[in-house]
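Let's take a walk through this model together. Have the sequence and the 3D view open as you read.

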Amino acid sequence: MTDRTHRLLMTRTTVKGLLIAISASAFALGGCSKSDGAKEAVNEAGLEFRKVSIGDSTNSDSFASSAYTKAGELASAHAGSDGPYNEAAAVSVALSKLGLATLASGVASETETAAMHQSRIIRGHLSEWISMNAVAQASSNFEISDELKELQGLIKLRTADARDYSELFASLNSEIQNYQTQIEDLDAKSATERNESARFELQMTSVTATQAAQLAERVREHSLRADGYELEAVRVSGQVGQLLPGAHEIELQVKKATDQISLLNLSIDELKQRVVDSKADSAQARANAELAQSKLIELVDALEDFRQNTSIPASEKVISLIRQSLSASRDASKSSKASGAIAKASANESLASAYSRQSRGEAEMVSLYQSILSSGIPGNWQSKLDSHTATREELAESSREAFLNAASALRGARARGASGESMEAAAVRLDRLGGVEPEPEYTEEYESDEPDYDDTDYDDEDNDVEG
């Protein structure tokens, strides 16, 4: 494994770069093998990884998923047995699972973002309840001095809410407009490609058979490009469809906040005038508060359901794939030990990130329940707060442990020279993420019956594997 490969791995590479780097080194470590089937499977798996690594940036996730899955299927039949290429096959399986986990991580991240938006909407209803409850109390008290100050503070609060929601709506609307622009551009590109395909197709009727065959290939190329643009337009349209409901709800929150500011100002005027119908106003405010409370409880239940049935399963899928990657990497324990160790380190770092993402989601739930509990809205909020707090801490601890496991796996590669220094620096970074600070003047020496590899032992790019 070259120093260039290690530098690539030690700078938080994307999975695409990781697939090329480790798979190449896995082949180099493979050496000679009597298993032609394992050798062929490893090489074919490598070709699948390269499709993703050097493919068109407009390729969909389904394209990458298909490549990762095929690579894993090709290599899995030969993984787990003795032999250099069998170990390389195990590394390929580990990488395929890690690639699939990365794709699944994108989905999990989207669900956490959606949950965050739902939490913000709930906070809007919480502010509404606080405002209406305060209005109800103020309207029933003819001594207005203290209530007047409180109402003015609530006006400031709802003004800030309106401003924040307006900014959020503007941001979402801008994102939607950008997607619409992308869709229009993709549609235009698709139409251009369709026109080019039709133009070449028309030419086929007036040329020789050989020329027609060449034109048919051109027709196919433009048709495929048009199909690709159309598929991308459909995907972007789906993203727009996901954003529109949230944007609409946020727009409603802006209107609600504005209406409530007007109501609060009206309440101040009524208090100053000591109107006789203050009790009626109080009753209406209480009804509004009850409505806001009912809606808040409904949305909280919906958020819990979303996290339980969407966010958590999405994260569990990521974690399951990563654990499969870790399991596969354990079979690379001899000639591909270094590649297996690096694959294991990368999988553990991905596992730590997955746990960390979940922990942040739980932290948002903790913050939300703390706000609800502090508001005084009746309900069993404390038990929910305790449950999410415990889950947050468990996930944070799992994340720290995975970071430390990633550091340990890197050191298990037994690298020396410049590669060893680069890997040790990465391990120290992972230790810090796991909450462990290195000793001053940190050094590590390895003693093993197995030979260590050095930067000069081989080169991924220049040496071929011979059977």
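## Starting at Asp-259

Asp-259 sits in helix 7. (Helices here are DSSP runs of H or I with at least four residues, strands are runs of E with at least two, and both are numbered from the N terminus.) With a relative accessible area of 39%, Asp-259 counts as partly exposed. On that scale, buried means under 20% relative accessible area, exposed means over 50%, and partly exposed is in between, using a 1.4 Å probe and protein chains only. Asp-259 and Ala-162 are 97 residues apart in sequence, yet their C-alpha atoms are 9.9 Å apart in space.

A quick word on where this comes from: the model is predicted, so local features need pLDDT of at least 70 and side-chain atom pairs count only at pLDDT 80 or more, while totals for chains, interfaces and linings use all residues. Residues are numbered from 1 along each chain as its sequence is written, and side-chain values use heavy atoms, leaving out hydrogens and water.

## The whole protein

What is the protein built from, helices or strands? It has eleven helices and zero strands, so reading from the N terminus you get α-α-α-α-α-α-α-α-α-α-α. Of the 467 residues in the protein, 43% are buried.

## Two helix pairs

Back to helix 7 (residues 209–273), this time with helix 6 (residues 145–203): their axes come within 6 Å and cross at roughly 165°. That makes helix 6 roughly antiparallel to helix 7. By class, their contact has 31 nonpolar, 17 polar and 17 charged residues. The crossing of helix 6 past helix 7 is left-handed.

Some terms to keep handy. Axes are lines fitted to C-alpha atoms, for helices over the stretch in contact, and angles run from 0 to 180 degrees between N-to-C directions. Angles under 35 degrees count as roughly parallel, over 145 as roughly antiparallel, 65 to 115 as roughly perpendicular, and the rest as oblique. A crossing is left-handed if the near helix is turned anticlockwise from the far one by less than a right angle, and right-handed if clockwise. Ala, Val, Leu, Ile, Met, Phe, Trp, Tyr, Cys and Pro count as nonpolar, Asp, Glu, Lys and Arg as charged, and the others, Gly among them, as polar.

Now look at helix 10 (residues 381–411) and helix 11 (residues 417–433), whose axes come within 8 Å and cross at roughly 165°. Helix 10 is therefore roughly antiparallel to helix 11. Their crossing is left-handed.

## The largest pocket

The largest pocket has a volume of about 640 Å³. Of the 24 residues that line it, the closest to its centre are Thr-113, Ala-114, His-117, Gln-242 and Leu-243. Helix 5 (84–139), helix 6, helix 7 and helix 8 (278–329) each give two or more residues to the lining, and helix 5 gives the largest share, nine residues. The lining divides into 13 nonpolar, eight polar and three charged residues.

How is a pocket found? On a 1 Å grid over the protein atoms alone, a cavity is a set of points where a 1.4 Å probe fits but cannot get out, and a pocket is an open set with protein on both sides within 12 Å along at least five of seven lines; lining residues have an atom within 4 Å of a point. Grid points are joined across faces, edges and corners, and a volume is the space filled by probe spheres set on the points.

## Ser-327

Ser-327 lies in helix 8 and is partly exposed, at 39% relative accessible area. Ser-327 and Ala-94 are 233 residues apart in sequence and 7.6 Å apart in space, C-alpha to C-alpha.
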